[in-house]
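Subject: Structure handover

Hello,

Here is the structure I said I would pass on.

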Amino acid sequence: MSGRPGGAGGGGPAAGVSDAFWDALDDAERAALRRVARPRGYQARMPLCYQGDDSDHLIVIESGWAKVTSSGADGREVVLAVRGPGDLVCESAVLGGRERSATVAALGPLRALVVPASRFTGFLDAHPRVWRLVSGTFVRRLDDAGRRLQAHVSAQGARRLAILLADLADRSAPHSAPDVSGGVVLGPPLSQEELGSWMDASRETVARALATLRAEGLVRTGWRKIIVVDPPRLRAFARDSG
């Protein structure tokens, strides 16, 4: 296996450029983390951790994708984020010493390294540089949340969806073979309902937005499958459309 848990690359701001936690570790750090971790497989919809649980482990995704959701008092589930190969998940409660604020569940078959909280803190004590990587992960996620909130305020349906899909295309490209057309097959198998929850829109709004992007020749779609035909054009549409 290469240095990356899921093979090549990790998600990031540009295709092939990774900001995933695992990819930022050096070989010695990866080997040390594996020694305190337990590999585990998850099937689709299996939880990696539950909202409200006490903190006892965190997870590094090796391959596959997961969604981060939160449920309110009314039981409504809201998609907060999507995580993929190399990402650290279920970590904030462990490091913050509080109940988990979200549920993380596999979107499809997923392989991961499960690390007990005490072993991870011991690993961090032995590898101080990794503390900065974990802090950097938190900062990037706050920045991502801020950008998404700004998009919710300033962008309408098709452009808001394009912003999400362009980001997912960048993150998916290193982990999947190109489509026969040369496009990027998005890794996370998200439904229209899940996309709508993530972008704070109805399923109907997502369906209309996808129709617009298809008409522009930017995406092709199937059941829980989206192919970004031309990532640079999609990003330009996300940036420039009114």
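Predicted model: local features only at pLDDT ≥ 70, side-chain atom pairs only at ≥ 80, totals over all residues.

Asp179

Asp179 sits in the loop that runs between helix 6 (157-172) and strand 9 (184-185). The relative accessible area of Asp179 is 13%, and because the limit for a buried residue is under 20%, Asp179 counts as buried. The side chain of Asp179 has a polar contact with that of Arg220, at 2.6 Å. If neighbours within four places in sequence are set aside, the residues in contact with Asp179 are Val185, Arg220 and Ile227.

Helix 9

Helix 9 spans residues 231-240, and its buried residues are Leu234, Phe237 and Ala238. These lie on the same side of helix 9, because the arc they cover around the axis is only 100 degrees. On the face turned away from that buried side are the exposed residues Pro232, Arg239 and Asp240. As for what lies over the buried residues of helix 9, the cover includes helix 6, helix 8 (203-215) and strand 11 (225-228).

Asp240

The side chains of Asp240 and Arg239 make a polar contact of 3.3 Å. Both of these residues are among those on the face of helix 9 turned away from its buried side. Asp240 is also 8.4 Å from Arg159, C-alpha to C-alpha, with the two 81 residues apart in sequence.

Cavities

How many cavities of 30 Å³ or more does the structure hold? There are two. The largest cavity has a volume of about 50 Å³. Its lining is made up of Leu168, Leu186, Pro188, Leu190, Leu195, Arg224, Lys225 and Ile226. By class, the lining residues of the largest cavity are six nonpolar and two charged, with no polar ones.

Regards

Technical notes. Residues numbered from 1 in each chain as written. Heavy atoms only, no water. Helix = DSSP H or I, 4+ residues; strand = E, 2+ residues; numbered from the N terminus. Buried < 20%, exposed > 50% of the residue type's maximum accessible area, 1.4 Å probe, protein only. Polar contact = N/O pair within 3.5 Å; in protein donor to acceptor, adjacent residues only side chain to side chain. Contact = heavy atoms within 4.5 Å. Arc of directions from axis to C-beta. 1 Å grid on protein atoms, 1.4 Å probe; cavity = no way out; pocket = protein on both sides within 12 Å on 5 of 7 lines; lining within 4 Å. Points joined across faces, edges and corners; volume = space filled by probe spheres on them. Nonpolar A, V, L, I, M, F, W, Y, C, P; charged D, E, K, R; others polar.
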